[in-house]
Structure formats: C-alpha cells, structure tokens
Amino acid sequence: MATGGARVEIRGLEVGYGRDPVLNGVDLDMAPGRFVALLGASGCGKTTLLRAVSGFLPVARGRILIDGTDVTEAPPERRPTAMVFQSYALWPHMSVAANIGYGLRLRRLGRAAVAARVAEILTLLGLDGFGERKVTSLSGGQRQRVALGRALAIDPPVLLLDEPLSNLDAKIRHAMRAEIRAIQERLGLTTILVTHDQEEAMVMADRILVMDRGHIVQDGTPEEVYRHPNSPFVANFLGADNVISATARVADGRTELTLADGSCVAATAAGPIDGPVFVHFRSAAVRFGEDAPAGLTLAGRVVQASYPGGRHRYTVATAAGTFSVEDARRAVPGETVVITVPQSDLHVFASTGAADARAR
C-alpha cells in the first residue's frame, strides 16, 4: 500500500453560490501528512472550502495547488484527492467489495489487481469476511468503514472528510475517531476534516482552522486555539461562553480588571488593553469556593442544577451576571455559593461593540 501525503496550497480563494460570496480570499498552506480540521458553525464556509479543494465547486478567484501542480480547473477525477461524505454515498445494490473497488474499476485496473487491493483495504479496516455482504446489511459504523475504504483504495495523497461521523451514535463515533486518526498516521495522508464538533476536531487533528463568514479567523494546534482564543468569537465558539463586562487597566506590565461592583482581579490578556473589555471563561474552569487558584471570585446563588454524569452542571446567578458552572460538588437550587475562575482561564478582549454582541 502506497503511503505519503501531498502539500496543499490555497491562494486567495474566492467561491460563491451565484452572486453570494462564501469564501473571501482564503489562504492555506498544508505540509504533507498533516491532519487539519476546519471548524466552524453552519454557513461559515468550511464545507465550501473542502468541496472547492475536491473539485466539486468552481472557483471564482484564486488557486489550488497540490504538490505544486495547479488543479484549480481540474475536474474531481483528475485531482489526487478522495472524499468521504457525511451520507456515506455508497451504492446500495453493490457488495462491500464492489463499493470499495469502484474507483479502481473506473481507473481500468485489472480484475486481479482490484481484488488484491480490495482485500488489502478490508484487512486494514478490520472488515475481513465482509467483502460479499451488501452494504445495506451493515451497521452505521461498518458503512462508514466501507466509505473510508473506497476513498483509501485509490491511494489518495489528500483525503477529504466531510463530517463523516455525524450520522453515528456516540459510542461508535468515538471509536471511529481513533480509527481514522490511526489510519491517517499510518499512511501519512494529508487530511482535511470538516466538522462543527469541537471535541472531534481537538482529538483528531494536529492543526485547527476556525472559520467564520468565509474567513479563517484562527489557525493553530488544538491546545493553542483552546487555551489562547484570539477573539471573542473564537472564545465563544470553543466553549468560553460565560461573559462578564469589566474595565481593564495596564499596571506594571500586567492587566488589572475592575468589575461593576468595584472589585479587582488580575488577568492575562493577549496584549496591553485599557478600557472596556469582555472577559470570557468556560463553565468547566469555574470552581466552587474561595480556595481555588487566584482569579475572579463572585458570590452567587444556584438557580438550576442537573447531573449529566461525572460532574454537576449549574446555573449560578451573581451580581455580575448569570453563569454556567461545572463542579464535582453537589449543590441544590437556592443554595448560596462562591465561584472562582482561575486567572489563567480568563480570556480578555477589548470591547468592540457589534463584534462582541455577535460573539455573545
């Protein structure tokens, strides 16, 4: 089985539907063998970008190069890419082996070569013995393996994944994440995943591109984009959706926040900020009690409680606002509590009016 991925370069890509622009000058450079996740809400342009790379959507402006070859005008079958679709897109009247070998037959490989390659893929995906079954008899997870196998069979240097796990139940989805990642690492394929699922992007990719309104708004490793969101939008999208207003002042090289009640707390900001700010933090970062690491401390009252398993989830009303909280401790509605957010978990952004309102 051939291995190795290709370099993907995108320069000033503009794509739209009719007169409506979707991608607005996207630039991207992917080294061979990288696993990149395009993460964003519906309508942000991530699927449009994937389909432009695959050749299923025409490009208005810009270029797409794969290993230095300009494929911008090339049809899908002439590109060194393979797509795994959200809907699987399998032929229901064909067997597993026939589905996996479909692309090979289109390339006019001999019967023996197709059979050998299909057998290799079945073994790779743990589907030995399934070759003669109809795909309609398979489970969702097995069908997803067949769809992946059909893509891998043609030895694509670039593998494109369009929300391939969204139709699976939680247990199978978690298993398939690990399987796809292991296969990608083993074969060294350059892989682009489209997903709106933050956890999926974080555990599968080694690089995450957060998209919004046709632009890449942050590019980094999973840990970088999670720990250091560069805007209110990214912070909110990646779960830091608790927001509190404050006034920032830079003193002795550090940022000090003053809340509406006059209390002060030190915080880490991306740069020196003076004036009105919004402070974002995640519910999982909040702790009950004042003995947590130094940070933002607020007195409040539990107004709602639930237990989804592992940790309790609360809605806590404070003088500064109402916030989501996760904690191992059990509390009941009406109970008075103190919540603390460690300084390192406070994400501070200058207030810019409309942009902040949208992020919230």
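I start with W91, which has a relative accessibility of 35% and so counts as partly exposed. Keep in mind that this is a predicted model.

Y102 is partly exposed too, with a relative accessible area of 28%. Why bring up these two residues? The structure holds five aromatic pairs. In one of them, the ring centres of W91 and Y102 are 5.6 Å apart and the planes meet at 55°, so the pair is tilted. For a tilted pair the angle has to fall between the stacked limit of 30 degrees and the edge-to-face limit of 60.

Now the positions. W91 is in the loop between β6 (81-84) and α2 (96-100), while Y102 belongs to helix α3, residues 102-106. The two parts are eleven residues apart in sequence, so the pair ties them together.

Next, F281 and F323. Their ring centres lie 5.3 Å apart with the planes at 55°, so this pair is tilted. F281 is in strand β14, residues 275-281, and F323 is in strand β18, residues 321-327. Here the pair ties together parts that are 42 residues apart in sequence. Are F281 and F323 buried or exposed? Both are buried, and for that the relative accessible area has to be under 20%.

Last, two arginines over rings. R133 lies over the face of F130, 4.2 Å from the ring centre. R282 lies over the face of Y226, and there the distance to the ring centre is 3.6 Å.

That is what I have for today.

Conventions: Residues are numbered from 1 along each chain as its sequence is written. This is a predicted model: local features need pLDDT of at least 70, side-chain atom pairs count only at pLDDT 80 or more; totals for chains, interfaces and linings use all residues. Side-chain values use heavy atoms; hydrogens and water are left out. Rings of Phe, Tyr and Trp (its six-membered ring) pair if their centres lie within 6.5 Å; planes under 30 degrees apart count as stacked, over 60 as edge-to-face and the rest as tilted. Helices (H or I, at least four residues) and strands (E, at least two) are DSSP runs, numbered from the N terminus. Buried means under 20% relative accessible area, exposed over 50%, partly exposed in between (1.4 Å probe, protein chains only). A charge sits over a ring if NZ of Lys or CZ of Arg is within 6 Å of the ring centre and within 35 degrees of the ring normal.
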